[in-house]
Amino acid sequence: MSTPLSELSAAGVAVWLDDISRQRLRTGNLADLVATRDVVGVTSNPTIFQKAIGSGDQYSEQLHDLKVRGVDVGEAVRAITAADVREACDVLRGVYDASGGVDGRVSLEVDPRLAHDTERTVAEARALWWLVDRPNLFIKIPATLAGLPAITRVIAEGISVNVTLIFGLERYEAVIEAFLTGVEQAVAAGRDVSDLASVASFFVSRVDSEVDSRLDKIGTPAAKALHAKAAIANARLAYERYEKIFGSPRWAALAAKGAKAQRPLWASTSTKDPSLPDTIYVTELIAPGTVNTMPEATLQAFADHGSVSGETIRPNYADARAVFAALATVGVDIDDVVETLEAQGVQKFEDSWKQLLDTVAQQLGRSDAAR
């Protein structure tokens, strides 16, 4: 029987869950979502892990062992998060195999405090790739200026990457360039790139939150008319660039070597504005070759009352450009919006990581959470 989520999948949108916890894994909930809700991937972030570890007793045994062994807090966090991601990779291994390595992926983020340090990001990515030791792993690296060369280097080494915290179109093009260069280097080194994969996580609802607050301050009728339009327009124009670049001869040469395209992933798809439909960032971003990673509330909402009536990105490129032109006319500086959101995004993840370290430190009876 056709369902809204199966129709979304049929339209070319991979449905991923933006959440992970040991309880979800051990109760079989994740496996159930794969079986009944068309979930074919999982993303995680420091906030998700902090909430998971800070509630319930699913981590008690491992925390006890880590405490007895005298493991420091940073390594304890790596051990705990890697264990969850490894188990999730195993749950999704059938999806990975059936999709030829396109889906069935699970993401694990590098320490966000390294967002402006290329060398340490590369070293952390290598360590996490080795620690989880599953082919369907994605290492999440932020799309900061320091993150871009790190992305190229780890891709060139055969490590699959989820590029996170993308907010603007220029940075998105730089992310694609980093990916393409990495794949080219991998090919030049004689690597088999057929299992090498990547997604570019383009954040959505946070753009509306920031832009709409600026529109509210401007307060004119023209500004108010642009409310809740910026994020969708931004994502649609990103997909237009994706189509152009991955339709180029440069990409065709890599595809001929077995390379997989870096798919756009719509992240931050929960609706922050209660006046908006709770599935707006799913319904309005339907196009083939994309991923939509949803918190469970959004996933279940779409399963309940979502609708798919065809593509909603490619037919609306002209409208998206018109929205950007109108935003400039009323005085919204998109470049400043993007810079603000990237700084906020890195800081939020750093704060969550510190909270995660603090939570684990308390469980270990330690006071060295700083590292």
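# Chat about burial, pairing and packing

Reader: Hi! Let's start with Arg78: buried or exposed?
Author: Hello! Arg78 counts as buried, because its relative accessibility is 19% and buried means under 20%. Keep in mind that this is a predicted model.

Reader: Thanks. Which side chain does Arg78 meet in a salt bridge?
Author: That of Glu75, with an N to O distance of 2.8 Å. Glu75 itself is partly exposed, at a relative accessible area of 39%.

Reader: How are Glu75 and Arg78 placed in the helix?
Author: They sit three residues apart in helix α6, which means that about one helical turn separates them.

Reader: Nice. How many salt bridges does the structure hold?
Author: There are 24 of them. One of these joins the side chains of Glu87 and Arg26, at 3.2 Å from N to O. That pair links distant parts of the chain: Glu87 belongs to helix α6 (residues 73-91) and Arg26 to helix α2 (residues 22-26), and they are 61 residues apart.

Reader: And what is the relative accessibility of Glu87?
Author: Glu87 comes out at 23%, so it counts as partly exposed.

Reader: I also clicked on Arg321. Which residue forms a salt bridge with it?
Author: Glu240 does, and the closest N and O atoms of the two are 2.7 Å apart. Arg321 is in helix α17 (residues 317-330) while Glu240 is in helix α13 (residues 230-245), so this pair ties together parts that lie 81 residues apart in sequence. Arg321 is partly exposed, with a relative accessible area of 42%, and Glu240 counts as partly exposed too, at 25% relative accessibility. There is also a network, in which salt bridges that share partners join Asp19, Arg24 and Glu296.

Reader: Switching to strands. How many residues of strand β7 are buried?
Author: Five of the five residues in β7 (residues 263-267) are buried, so the strand is largely enclosed by the rest of the structure. Both faces are covered: Arg263, Leu265 and Ala267 are buried on one side, and Pro264 and Trp266 are buried on the other. In general terms, side chains in a regular strand alternate between the two faces of the sheet.

Reader: Which strand do five bridges join to β7?
Author: Strand β6 (residues 198-203), and the two run parallel. Within that pairing, Val199 stands opposite Arg263 of β7. Strand β8 (residues 290-294) also pairs with β7 in the parallel sense, over two bridges, and there Leu265 faces Val291 of β8 as its opposite residue.

Reader: Now helices. At what angle do α8 and α9 pack?
Author: Helix α8 (residues 118-132) and helix α9 (residues 147-156) pack at about 35 degrees, and their axes are 9 Å apart. The crossing of α8 past α9 is right-handed.

Reader: Which residues make the contact between α8 and α9?
Author: From α8 they are Thr118, Glu119, Thr121, Val122, Ala125 and Arg126, and from α9 they are Pro149, Ala150, Arg153 and Val154. By class, this contact of α8 with α9 has five nonpolar, two polar and three charged residues.

Reader: What about α4, how many of its residues are buried?
Author: Helix α4 (residues 46-53) is mostly covered, with six of its eight residues buried. The buried ones are Pro46, Ile48, Phe49, Gln50, Ala52 and Ile53.

Reader: And which elements do the buried residues of α4 pack against?
Author: They pack against β1 (13-18), β2 (39-43), α6, β3 (105-109) and α18 (334-364).

Reader: Last topic, backbone angles. What is the phi of Asp133?
Author: Asp133 has phi near 55 degrees, a positive value in a residue other than glycine. For context, most residues other than glycine have a negative phi. Asp133 is placed in the loop between α8 and β4 (137-142), and at 55% relative accessibility it counts as exposed.

Key: Residues numbered from 1 in each chain as written. Predicted model: local features only at pLDDT ≥ 70, side-chain atom pairs only at ≥ 80, totals over all residues. Heavy atoms only, no water. Buried < 20%, exposed > 50% of the residue type's maximum accessible area, 1.4 Å probe, protein only. Helix = DSSP H or I, 4+ residues; strand = E, 2+ residues; numbered from the N terminus. Pairing = 2+ DSSP bridges. Axes fitted to C-alpha atoms, helices over the stretch in contact; angles between N-to-C directions. Left-handed = near helix turned anticlockwise from the far one by under 90°. Contact = heavy atoms within 4.5 Å. Nonpolar A, V, L, I, M, F, W, Y, C, P; charged D, E, K, R; others polar. Salt bridge = Lys/Arg side-chain N within 4 Å of Asp/Glu carboxyl O.
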